Amino acid sequence: MRILGIETTCDETAASVVGIGFDGRGEILSNEVLSQIAEHAAYGGVVPEIAARAHVEVIDRLVARALKNANCTVGDLDGIAAAAGPGLIGGVMIGLTTAKALSLVTRKPLMAVNHLEAHALTARLTDGIPFPYLLLLASGGHTQLVAVKGVGDYTRIGTTIDDAIGEAFDKVAKFLGLGYPGGPQVEREALKGNPERFNLPRPMLGRAEPNFSLSGLKTAVRLEAERIAPLTASDVADLCAGFQAAVVDVVVDRTRVALRGFRDIAGHPSALVVAGGVAANQALRGALQRLAVETGLKMVAPPLSLCGDNGAMIAWAGLERLRLGLVDDITAPARARWPLDSSRDEAGAKA
Ligand code: KG4
Ligand code: ZN
C-alpha cells in the first residue's frame, strides 16, 4: 500500500509517500517539507494570507518531488490523503483541494485527515505501538492529553484553558527578542541559563483535573524581564531556563495525573507518547522519559523530523483510515476547527 499525504494547515508545505512493508510496519518512502519560516519571520508569527499564498506557489512542485523521490507515479498510489483541518483555512483549502483534484483524476480514494489525529498516530508509524496509549499532544496551537483507543477513537483527558505550550514558548521568545518560532530558540538559551534564578509559578500543579494554564507563567516571565530590564545575555538565558523548567514541571505533573485517570477510560496504556512540535524539546523528552520509567511505561517520541508538521504523518493517518474503509468524498470540508474528541470542544486551544 502506498499513500500520498499532503500537509498545509500552518506554515509548512509538506508532501510525503508512505508505504507499508511486509512486516506490516510503516515505511516512509519520501518526506518533503518546505518551511515558510523566512516569509513570516519579520512579523514574529504566521500571517495567514502569506501562508496560503506560499502553499499554493509550491504545492504542485512539492507533490511531484515527493512522488519522484518515492520512485512512483500518481498511478502507483493506493490513496491520497490531505490534512483537512484544524488550521488556517486558506492553507487547508489548498492542500485539500490538491488532494481532491488528484483523487478525481486518478479515481483513487481520498482521505480527509484530521491534523491532530495524524500527530496522534505518528507513534504507530515509527514504533508500531498498539492501542490504547496516552498521548501528550503539544504544538503551537494545541495542548492536550488524550487517550488514544483506536483510529478515530479518542478521549480528551485534559487540555489548556488558555495558551498552547508552543504558543507560550513563541510568546516568551518574542518579548525576549528571540526569533520565530520561539521553541527552539528558548531551548537553546535555556541550555546556558540558571533555571533557579527566578521564582516562577507552576500553574495548575497538583490540581485533580489534568488541565494546563500557561498564560500566567508567560506573564510572570514578562514581568520579571521588565523588572530587570535592560536584559543582558545571561538574563535572557536565565529567564528561558526558568520558563522551560516551569513548563516541564507542569507537564510532568499533569501527565502523571492523566495517567491515573487513563485506566478508568481505556484500561492499561501500552505507552506514553508525546507528539507535536514541542515534542522536539529535549528537556521535556527527558522528563517524560523519567516519568515513563517511574510508571513502568514505554515512552515513545517521534524522531525530530516527525515532531513538527510533515506529510508523512498525514499519509500514515490516511493509510490507517483506508485500511478500515474510512474514506471521504469530494464534499469533505476544509475545517478551521476540528476537535479530536468530537464529544468536547476545544476549551481555549486555537485551531
Ligand atoms: O506541530 P507544530 O510544528 O505546528 C503546529 O501544529 O502548531 O508545532 C510548532 C510549535 C511552535 O510553537 C514551536 O515554537 C514549538 O512547536 N517548538 C518547540 C520546539 N520546537 C518547536 N517548543 C519547545 N521546544 C522546542 N525545541
Ligand atoms: Zn501540528
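Helices (H or I, at least four residues) and strands (E, at least two) are DSSP runs, numbered from the N terminus. Thr 159 belongs to strand E8 (residues 153–159). This is a predicted model, in which local features need pLDDT of at least 70, side-chain atom pairs count only at pLDDT 80 or more, and totals for chains, interfaces and linings use all residues. Residues are numbered from 1 along each chain as its sequence is written, chains are lettered from A and ligands numbered from 1 in the order in which they are written, and side-chain values use heavy atoms, with hydrogens and water left out.

**Zinc site**

- His 115 (NE2), His 119 (NE2) and Asp 309 (OD) coordinate the zinc ion (ligand 2) at 2.1 to 2.2 Å.
- Along the chain, the spacing of these donors is H-x3-H-x189-D; donors are N, O and S atoms within 2.8 Å of the metal (3.2 Å for Na, K and Ca), and because water is not among the atoms, sites may look incomplete.
- The site links distant parts of the chain, with His 115 in helix H4 (residues 115–127) and Asp 309 in the loop between strand E10 (298–300) and helix H10 (311–323), 194 residues apart.
- His 115 counts as buried because its relative accessibility is 6%; buried means under 20% relative accessible area, exposed over 50% and partly exposed in between (1.4 Å probe, protein chains only).
- Asp 309 has 17% relative accessibility and therefore also counts as buried.

**Ligand 1**

- Ligand 1 is surrounded by 20 residues, of which the closest are Gly 140, Asp 170, Gly 183, Glu 187 and Gly 277; a residue is near a molecule if one of its heavy atoms lies within 4 Å of it.
- A polar backbone atom of Gly 140 is 2.8 Å from an oxygen atom of ligand 1.
- His 115 places a polar side-chain atom 3.5 Å from an oxygen atom of ligand 1.
- An N or O atom in the side chain of Asn 281 is 3.0 Å from a nitrogen atom of ligand 1.

**Helix H9**

- At the start of H9, a side-chain oxygen of Asn 281 also comes to within 3.1 Å of the backbone nitrogen of Ala 283.
- The buried residues of H9 are Leu 284, Arg 285, Ala 287, Leu 288, Leu 291 and Ala 292.
- These residues lie on the same side of H9 because they cover an arc of only 165 degrees around the axis, the arc being that of the directions from the helix axis to the C-beta atoms.
- The face turned away from the buried side of H9 carries the exposed residues Arg 290, Val 293 and Glu 294.
- Strand E6 (133–138), helix H8 (233–266), strand E9 (271–275) and E10 pack against the buried residues of H9, where contact means heavy atoms within 4.5 Å.
- Just after H9, Gly 296 has a positive phi of about 70 degrees.

- Glu 32, in strand E3 (residues 26–35), counts as buried because its relative accessibility is 11%.
- The side chain of Glu 32 makes a polar contact of 2.9 Å with that of Arg 65 and one of 2.7 Å with that of Asn 69; a polar contact is a pair of N or O atoms within 3.5 Å, and within protein one must be able to donate a hydrogen and the other to accept it, while residues adjacent in sequence count only if both atoms are side-chain atoms.
- Thr 159 counts as buried because its relative accessibility is 3%.
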